[in-house]
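Please open the structure in a viewer and keep the selection tool at hand.

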Amino acid sequence: MNSRKTEVLVGAFVALAIAALLMLALHVANQGARGNGETYNLYAKFDNIGGLKVRSAVKVGGVTVGRVENIALDPQDFTPVVTLSISADYNEFPETSSVSILTSGLLGEQYVGFQPGFSIDGVENLADGDYIEDTKSALVLEDLIGQFLFNKGSD
Amino acid sequence: MEWLARLGSATLARFSAMGRATFVLTGALIAKPQPMKHIPLTIQQMYVVGVQSLSIIVVSGLFIGMVMALQGYTILVDYGAEGSLGPMVALSLLRELGPVVTALLFAGRAGSALTAEIGLMKATEQLSSMEMMAVDPLRRVVAPRLWAGMISMPLLAIIFSAVGILGGHLVGVDWLGVDAGSYWSIMQSTVEWNEDVMNGIIKSVVFAFVCTWIAIFKGYDAVPTSEGISKATTQTVVYSSLAVLGLDFVLTAIMFGIE
Amino acid sequence: MHPSSLPGLHPTPVMELLNTTMDNLVDIQHLTFRRQKRVIYDDISLQIRKGQTTAIMGPSGIGKTTLLKLIGGQLKPDSGDVLFKGESIPGMSRRRLFDVRRQMSMLFQSGALFTDMSVYDNIAFPLREHTRLSEAVIEIIVMLKLQAVGLRGAAHLMPAELSGGMARRAALARAIALDPELILYDEPFAGQDPISMGVLVKLIKALNDALNLTSVVVTHDVNEVMSIADYVYILAEKKIIGEGTPEEIRKSDSPLVQQFLNGEADGPVPFHFPAPSMESALQGVK
């Protein structure tokens with residue numbers, strides 16, 4: 001029995017599968033901010049999160065630095081609290097940073113836009129567990145239309 | 001009264017089949033491993049179920065990727081979103097089509113062959129004679145085939161998805177003129193390693209287990225006549241396909257359906 | 001094995017009794033076996049003596065193969081017992097049964113060679129599974145066994161390339177690979193041309209004498225088996241209808257035995273499968 005040939009072919013088969021997996025890993029999948037493990041959590045309270053979902057991206061100037069880890073409602077003041085899981089590679093955002101909920105394109109997904117503040121002396125960096133004070137809520141179409149009509153009416 | 005009895009006997013038959021299937025599975029899996037003997041046997045079987053299924057998997061993957069790119073393009077181009085062709089092809093392949101179509105092809109190509117082979121070994125008394133030689137056929141014949149199937153199918157599914165994505169590239173980029181950069185980069189920013197790739201592989205492992213188990217049990221449990229084996233082979237393909245599609249829904253609901 | 005070599009047993013008067021039973025390699029006691037509702041064997045007892053060739057004959061379709069599977073422990077009797085060297089086969093654990101099976105082997109009617117291996121690998125199979133012999137030693141043993149059945153030249157062929165008679169001889173070589181004490185032959189002559197049949201008869205006899213084996217031959221080929229058997233049982237109608245040495249059987253005055261030996265179509269063993277009489281069946285048709 002030519003078991004040698006069989007072994008070589010099975011070896012080639014496994015190697016091909018590993019090559020395919022590598023291709024998926026390197027060219028197809030986004031290991032993103034999660035990929036290299038270490039993250040820290042920041043919290044932000046919004047009035048309205050619109051269509052934001054768990055796993056939505058957190059971007060600084062278009063670069064993904066983290067993901068939305070959790071969305072919950074604060075039991076005291078009934079405002080949504082969003083947990084942002086930020087890659088530990090980016091751990092020097094000043095306390096004055098702000099976050100807003102933005103939409104990519106007209107019909108695109110919503111993501112968290114992270115606007116780093118200025119770092120002046122006396123302003124500390126955000127650390128694990130901190131709240132980001134300066135937040136802008138998602139734009140809700142109905143509110144926009146309502147505002148527009150209201151402004152029209154007062155003209 | 002008559003139908004009640006029939007329902008009862010059908011139920012009992014199902015349960016006893018499940019019991020026998022579990023017996024076959026445990027007999028094959030819970031066996032003292034003898035690596036020197038069993039690894040070469042498993043490699044031999046991986047050649048049969050894995051390497052020999054490769055051509056059908058590669059060709060199917062290529063064509064499915066190409067068709068999806070073509071279909072997706074005609075829809076997406078209306079919204080000016082043909083840049084999203086990459087993620088569309090990649091996500092459909094990784095999450096659904098890769099594991100599911102591989103499992104269906106595997107059931108038809110390798111599963112039916114496994115059933116027929118084991119059924120024929122039973123019909124020609126090879127299993128019986130092995131048992132009389134004090135060699136447990138569950139360990140010597142069934143176990144290597146079970147392991148080979150369980151290892152090979154996820155590998156085939158990975159190859160299927162990768163080839164499909166390349167097929168999508170072939171049609172989308174090389175033929176229809178989608179920008180190669182956006183095909184890859186939007187794909188890369190959308191597809192998640194854990195959520196999409198790993199979940200697809202987990203699905204494939206589950207399907208591999210179920211399909212190989214069904215194939216082996218149907219062969220081992222076949223009525224040892226030509227009619228019995230042909231029936232068992234058909235049942236392998238039907239049951240495996242139904243199990244894969246049903247389980248796919250359940251797994252998808254667990255993996256992607258719950259926020 | 002001499003009984004006094006058994007641990008914890010000392011020669012006593014009882015041992016004398018045991019000693020006689022120890023001559024029986026296999027002892028089937030009051031065995032009853034049913035397949036679903038159909039009774040195959042109804043309370044049969046028979047003994048297979050060490051070093052002898054015992055033939056079990058009977059018309060086709062009465063489950064002679066079943067008897068061999070009962071001896072091999074692949075089937076369990078509904079009642080009664082099968083003793084191998086005084087030990088109950090149905091009562092054994094799976095592990096013990098596998099140990100015992102190494103001392104016996106079975107030649108299946110189809111040969112049951114593994115179709116995915118060459119003849120050589122088929123015969124090496126039990127050696128590779130059960131011994132730690134080196135490949136060089138295995139090769140010597142395999143070649144010796146093949147030489148014994150006259151197929152040394154066919155070692156590299158695949159089973160599909162062998163004729164029916166050659167396949168059975170190759171299977172015989174495999175059956176004796178581990179030098180068993182007991183060989184069970186299932187219809188070794190069925191479907192063979194006269195030459196192959198002669199070869200097999202000669203082989204079985206030669207092996208029995210040379211290796212001091214105990215053989216059980218299940219068959220319906222009367223003449224062939226009468227020439228090699230030391231003792232004959234004739235089974236029919238779920239019972240043993242005759243037993244004895246071949247001469248005793250030939251002289252038997254039982255009409256059943258005579259019908260079987262002479263191959264008469266009808267007699268105590270009916271030509272018709274049990275059915276209501278033709279008249280009543282026809283009267284039912286209106």
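How many aromatic pairs does a search of the whole structure find over all chains? The search gives 6. The rings of B:Tyr183 and B:Trp184 are an edge-to-face pair, because their planes stand at 90°, where an angle over 60 degrees is required. Their centres are 5.4 Å apart. Please bear in mind throughout that this is a predicted model.

Keep B:Tyr183 selected and display the surface. Is B:Tyr183 buried or exposed? B:Tyr183 is buried, since its relative accessible area is 0% and the limit for a buried residue is under 20%.

**The interface of chains A and B**

Select chain A and chain B together. In this interface, 28 residues of chain B are in contact with 25 residues of chain A. The size of an interface is often given as the accessible area lost when the parts come together. For chain A and chain B the buried area is about 2500 Å², and 75% of that area lies on carbon and sulfur atoms.

Which side chains meet in a salt bridge here? Select A:Arg67 and B:Glu192: their side chains form the bridge, with an N to O distance of 3.1 Å. The rule finds 1 salt bridge across the interface of chain A and chain B.

**Chain C as a whole**

Move to chain C and colour by secondary structure. Chain C contains 10 strands and 11 helices. Of its 286 residues, 48% are buried. Among the contacts in chain C with a separation of 6 or more, 61% are between residues 24 or more positions apart.

**Strands of chain C**

Select residues 24-35 and 79-84 of chain C, which are strands β1 and β4. The two strands run antiparallel and are joined by 5 bridges. One bridge to look for pairs C:Thr32 with C:Ser79 of β4(C).

C:Phe84 has C:Glu87 of β5(C) as its bridge partner. The hairpin of β4(C) and β5(C) has 2 residues between the strands; select C:Lys85 in this hairpin to find a positive phi near 50°.

**Charges over rings in chain C**

Where does the charged end of C:Arg49 sit? It is placed over the ring of C:Tyr231, at 4.9 Å from the ring centre.

Notes. Residues numbered from 1 in each chain as written. Chains lettered and ligands numbered in written order. Predicted model: local features only at pLDDT ≥ 70, side-chain atom pairs only at ≥ 80, totals over all residues. Heavy atoms only, no water. Phe/Tyr/Trp six-rings, centres within 6.5 Å; stacked < 30°, edge-to-face > 60°. Buried < 20%, exposed > 50% of the residue type's maximum accessible area, 1.4 Å probe, protein only. Lys NZ or Arg CZ within 6 Å of the ring centre and 35° of its normal. Pairing = 2+ DSSP bridges. Helix = DSSP H or I, 4+ residues; strand = E, 2+ residues; numbered from the N terminus. Contact = heavy atoms within 4.5 Å. Buried area = accessible area lost by both parts, 1.4 Å probe. Salt bridge = Lys/Arg side-chain N within 4 Å of Asp/Glu carboxyl O.
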